[in-house]
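Thank you for making time this morning.

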Amino acid sequence: MQGTAVTQEYVDVQSHLEEVGDLTLEMAHISKRYDGVAALTDVSIRVLGGEVHAILGENGAGKSTLVNIATGTTHPDEGTITVLGTELTSLNPKTAASLGIAIVHQHPAVLPDLTVLENLQVALPRSVFAGAPEKKVARALLDGVGLQVHLSDRVESLTLAEKHLLEIAKAFAFEPKLLILDEPTAPLGGDAVDLLFRRVRDAVAEGTSVIYITHRLAEVRELADRVTVLRDGRVRGTSQVADISDPELLALIVGRTLDSTFPDKHVAQEPGEPNFVLDDLSGPGFVSVSMSATRGEIIGVAGVVGNGQTELLRALAGQESFTGTVKVEGTKLSARDLLRRSAYMPSDRHSEGLMMSLSVRENSALSALTKFKSGPFLNRGREVESVRGSLRSLSVKAPSLDASVSALSGGNQQKVVISRALLSDPPLLVADEPTQGVDVGARAEIYGILREASARGVPVIVSSSDAKELEGLCDQVLVMSRGHVVETLKGADVTEERIISAAVTSTAEAVSVAAAQREASAPALRRFIQGDYTPTVLLLVVMVGLAAYIAPGNERYLSSFNITNLLTAATAIGLIAMGQNIALLTGGIDLSVGPLAGFLVVISSFYVNDGKSPWELVVGLVLMIAAATVVGLINGSLIRFGKFTPIAATLTLYIALGGMAFLLRSTQGGYISLSFQNAVNYTFGPIPAAFMAFVALALVMEFLLRRRPWGWQLRAVGSNEDSARRLGISINRTILLAYVGSSLFVFLGALMFMGQYGIGDPSQGSAFTLTSVTAVVLGGTSLLGGRGTFVGTLVGAVLLQQLLNATTFLGLGSTSQYYFQGVLILVAAVVYTLARSRRQKRTLVT
C-alpha cells in the first residue's frame with residue numbers, strides 16, 4: 001500500500017493476499033444502525049486460523065460494535081456470520097462461548113459485588129473446573145496472567161488493572177478458537193503487557209485466531225499479522241502489517257495526514273516566576289513530593305503502575321487529604337479548595353468520571369453550571385452553545401447532546417470527561433491517563449488542548465503509563481517509585497529511556513500506604529469485615545445485648561410463651577422477607593408482598609375451614625400457589641417487557657391485590673381450620689416447628705445463593721446487568737424467576753399468617769411490605785442489588801420482632817413501632833451504604 005493509494009476512500013488489499021490456513025471467522029456485509037445512525041455499513045472481515053488480526057480506527061469507527069456482533073452481544077441488521085465454516089442464523093454470548101469465541105472487553109465484564117472466585121464461576125463453564133478443586137483451578141488461572149489477589153476478595157476492591165487481568169484470565173480459561181481482545185493493555189503496566197503478549201503468542205502457536213483492537217500502532221507492529229482499518233463504520237483497508245507504514249495507517253484511520261502527534265513544547269523567553277509549587281507534599285501512598293513549574297509548562301508523572309502516581313493526582317484534585325503545601329499563582333490551596341476548584345480527569349471514567357444515566361450535555365456541563373446562570377436560573381441556550389462548541393472541538397461523535405453518555409464509545413466518553421474539565425475554566429488541571437482508550441487522531445487533539453490550557457497559565461499535571469507520551473508532551477517529568485519522587489527530568493532529559501531507567505532502577509523503600517497496611521494486617525479479618533456476613537454478626541450482638549438489658553427487669557421476657565410468640569411472628573415475616581430479599585438481590589424491590597400475603601389468606605378462608613374435605617383444602621392451597629405464581633409473573637413481565645421500574649410495577653400490584661381482597665371479602669370472615677392452625681403453631685418446647693423449618697430453609701437458600709449457578713446469576717444481574725448480559729446470563733428469565741420466587745415465599749408466609757390470625761381479613765397485609773424491607777435491609781442486603789444473604793434476612797427478621805416485642809415490655813405503645821421500623825430501615829441503609837462507599841473510596845487509591 002504505497003503512494004497515493006492510502007488516500008482512496010476504500011483500499012482493498014485483502015483481495016490481493018494469498019491466504020493460508022483455515023478460515024476461523026467471516027463476517028460478510030455487516031450493517032448496524034442505532035436510532036437511524038449507522039454504526040456499521042457493509043463491513044466484511046475474514047480472520048484466518050492462527051493469525052493475529054488487528055482492527056484499528058478512531059473512537060466511534062465501529063470497532064466495538066463489530067466485535068459485539070461477533071460475540072452475540074449485539075445483533076446485526078444485515079449481513080452474515082460464519083464461524084469455522086458454519087453460517088449462523090443467530091448468535092448470543094452463550095452460543096458464541098460454546099463455539100470457542102472468547103472476548104476481553106474494553107470495559108471488563110466483571111461483577112463488582114461478587115468475589116474473584118465467584119466471577120470465575122459464573123463466567124466459565126463447569127468443565128473448566130472439572131477434575132480439580134475449584135480454588136486450585138482458579139488460582140492457576142490468575143497466576144497465568146500475573147494477577148495476585150485473594151480469591152475471596154470482592155471484585156469492587158480490585159484496581160482497574162486487576163479487573164482487566166481478571167477479564168483476561170477468564171478469556172484464556174476457555175482455551176478459545178477465536179480470542180477477541182478489545183483494548184486489553186490500556187490500564188496495564190509494562191510487565192503485565194509483556195506477559196499478555198507471551199500468552200497471546202503461545203495461543204496463536206497452538207492455532208488460536210486473535211482479533212486485536214487497539215489504538216497503539218506499536219502494539220500492532222509487535223503482535224499482529226494483518227490489520228484492518230475502520231472509519232465511520234466502513235472498512236477502509238486491509239493489509240499485511242509488514243506491507244504498510246505508520247503514516248499510511250494513520251491516513252486511513254483519520255482520513256487525513258497527521259503532521260505531528262505532539263504540539264511544540266513550551267519555550268521560555270526568560271526565566272519566570274513559578275505559577276505552580278509543591279512543597280513537601282505527603283499523603284496516602286506518596287511522601288515528600290516537591291517541585292515547581294512556570295507558566296506554559298506541562299508536568300508529567302511517571303513510574304511503574306501502582307507506585308503512587310494516582311494517589312498523588314487524587315490529592316492534587318482534592319480527593320485525598322495531604323500534608324505540605326500546594327500553591328497556584330502564589331495562592332496556597334487546601335484539599336477543600338482543590339476539590340472545589342481543580343479539574344480532575346480520572347483514569348477510570350466509568351467509576352469516577354461519568355454519570356452513566358445522564359446525557360452527554362448534562363455530563364459535560366456539570367462542573368460549569370455557574371457559567372450558565374442568568375440570575376437564579378440556568379440559561380439553557382448558553383449551556384447548549386458552550387457544550388456543543390466544546391464537544392465539537394474534541395470531535396466527539398454522539399447522536400445528539402441529549403443522548404445518554406452510556407451509548408457512546410469508550411473514547412468518546414473519555415472526551416466528554418475532558419470537555420467537562422475544560423468547560424469549568426479550572427485554575428489547575430489534573431489528568432490521569434487522559435488518552436487511555438482514545439484513538440490516534442483524538443490523542444493529537446487532546447495533546448493540543450492540554451498545551452493550550454498550559455499556555456493560558458493553567459498548571460497541567462499529567463500521569464501516564466506511556467513513557468513515550470510523556471516524552472513528547474511534558475516539559476518536566478516526576479518519576480515515582482514506591483511513593484517517592486526518585487528523579488525529576490527537565491528539558492532535553494525528558495526522554496523515554498531516562499524515564500524508564502529511573503523507574504526500574506530505583507531502590508527507594510515503599511511508602512506505608514493504606515493498601516499495604518491493609519494487606520499486612522490480618523487479611524482474613526479484613527475480608528470478613530468487608531464481607532456479606534458482617535451485618536449478621538452485628539445483629540446477633542445487638543440481639544444478645546437487648547435481651548441482657550430487658551430480661552433482668554422482666555421475668556416474662558424469657559418465658560416460653562414470649563419466646564414462642566416472638567419466633568412465630570419472626571417466621572411469618574421472615575418468610576416474606578426472604579422473598580423480598582430475592583427481589584432486592586436483582587436490584588429491584590417487591591412492594592406487592594404485603595397485600596399478596598393478605599390476599600392469599602383471604603383465598604384460603606374459603607377452602608381451609610373446619611368441616612371442609614381434604615380435597616377442598618388441597619384446592620385452596622393450589623389456588624394460593626397459582627395466584628402467587630401469576631402475581632410474580634406479572635411483576636417480572638411488567639419490569640422486563642413493560643419497561644416499568646420495579647417500584648412502579650409492584651406498586652401497581654400492591655394496589656390491585658388490596659382491591660381484589662376486598663372484592664372477595666368486604667369484611668373479616670372465613671375462619672381457618674383449627675387443625676391447620678394447630679399444625680402451623682406446633683412447638684418443640686418453646687421453639688416453634690415452623691421456625692426450625694424456616695432456619696433450615698434459610699440455610700438451603702444460602703447454599704444455593706453462594707454455591708450454585710442460580711445464586712451467582714441472581715447476584716450477577718443485581719450487581720451489573722450489562723456485564724451479566726455479556727457473560728451470557730438470560731436477564732429476562734432470571735428476573736421473571738426471581739419475582740415468582742418472591743411470591744412463592746409470600747405464599748409460605750401466608751400459611752403462617754393463617755395459623756396466627758385464623759381468619760380471612762381483607763385489610764390485613766399492607767403493613768408487611770415495610771416490615772419485610774426493614775428485615776432484609778437490617779440483614780445487610782443492599783438496596784442497590786447484588787449483595788445480601790438469606791441468613792442475614794433470618795437474623796434481621798428475628799431482631800426486628802425482638803425490637804418490636806421490646807417496645808411492649810418498655811411500655812412505648814403500638815404507635816412507636818411504626819416510627820421504630822422507619823428509623824431502623826433508615827439507619828441500616830445509611831450505615832451499610834456509607835460503609836460500602838468508604839470501601840470503594842479506599843479501592844480507588846490502591
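Predicted model: local features only at pLDDT ≥ 70, side-chain atom pairs only at ≥ 80, totals over all residues.

N805 counts as buried, because its relative accessibility is 16% and the cut-off for buried is under 20%.

The mean pLDDT of the chain is 83, with 87% of the residues reaching 70 or more. Over residues 1-21, however, the pLDDT is below 50, although this stretch still has 37 contacts in the model beyond near neighbours in sequence. The other stretch I want to mention is residues 838-846, where pLDDT stays under 50 and where the model has 22 contacts beyond four places in sequence.

Now the overall picture. The chain has 846 residues, of which 56% count as buried, and it contains 32 helices and 26 strands. If we take the contacts in the chain with a separation of 6 or more, 73% of them are between residues 24 or more positions apart.

Let us go back to helix α31, where we started, and ask how its length compares with what its residue count would lead us to expect. With 20 residues at 1.5 Å a residue, α31 should span 28 Å, and its end C-alpha atoms are 29 Å apart, which agrees. Of those 20 residues, 18 are buried, so α31 is largely enclosed by the rest of the structure. At the start of α31, a side-chain oxygen of T789 comes to within 2.7 Å of the backbone nitrogen of G792.

The N-terminal end of α29 is capped by S730, which places a side-chain oxygen 3.4 Å from the backbone nitrogen of R733, while just after α29 comes G758, with a positive phi of about 70°.

Staying with that part of the chain, consider F641, which lies in the loop between α23 (614-640) and α24 (646-664). Which residues does F641 contact, leaving aside its neighbours within four places in sequence? They are N732 and L736, and the C-alpha atoms of F641 and N732 are separated by 8.4 Å even though the two residues are 91 residues apart along the chain.

The largest nonpolar core has 72 residues, and the members that touch the most others are L600, M624, M754 and V798. Helix α21, residues 560-585, gives the most to this core, with twelve residues. Not counting residues up to four places away in sequence, M624 touches L600, I603, S604, F747, A750, L751 and M754. Apart from this core lies another, of 54 residues, including V116, I168, A173 and L249.

Finally, the charged pairs. Side chains of opposite charge can pair when their charged atoms come close. The structure holds 24 salt bridges, and one of them joins the side chains of R787 and D113, at 2.8 Å from N to O. R787 lies in the loop between α30 (766-778) and α31 (790-809), and D113 in the loop between β6 (101-104) and α3 (116-123), so this pair ties together parts that are 674 residues apart in sequence. Both R787 and D113 are buried.

Another pair, E167 and K170, has its closest N and O atoms 3.1 Å apart; these two residues lie in helix α5 (residues 160-173), three residues apart, about one turn of the helix, and both are buried. Then there is the salt bridge between D493 and R498, at 3.5 Å from N to O, where D493 is partly exposed, with a relative accessible area of 37%, and R498 is partly exposed at 33%. Elsewhere, salt bridges that share partners join R361, R380, E383 and D402 into one network.

Technical notes
Residues numbered from 1 in each chain as written. Heavy atoms only, no water. pLDDT = per-residue confidence, 0-100. Contact = heavy atoms within 4.5 Å. Salt bridge = Lys/Arg side-chain N within 4 Å of Asp/Glu carboxyl O. Helix = DSSP H or I, 4+ residues; strand = E, 2+ residues; numbered from the N terminus. Buried < 20%, exposed > 50% of the residue type's maximum accessible area, 1.4 Å probe, protein only. Expected span 1.5 Å × (residues − 1). Polar contact = N/O pair within 3.5 Å; in protein donor to acceptor, adjacent residues only side chain to side chain. Core = buried A, V, L, I, M, F, W, Y, C linked by side-chain atoms within 4.5 Å.
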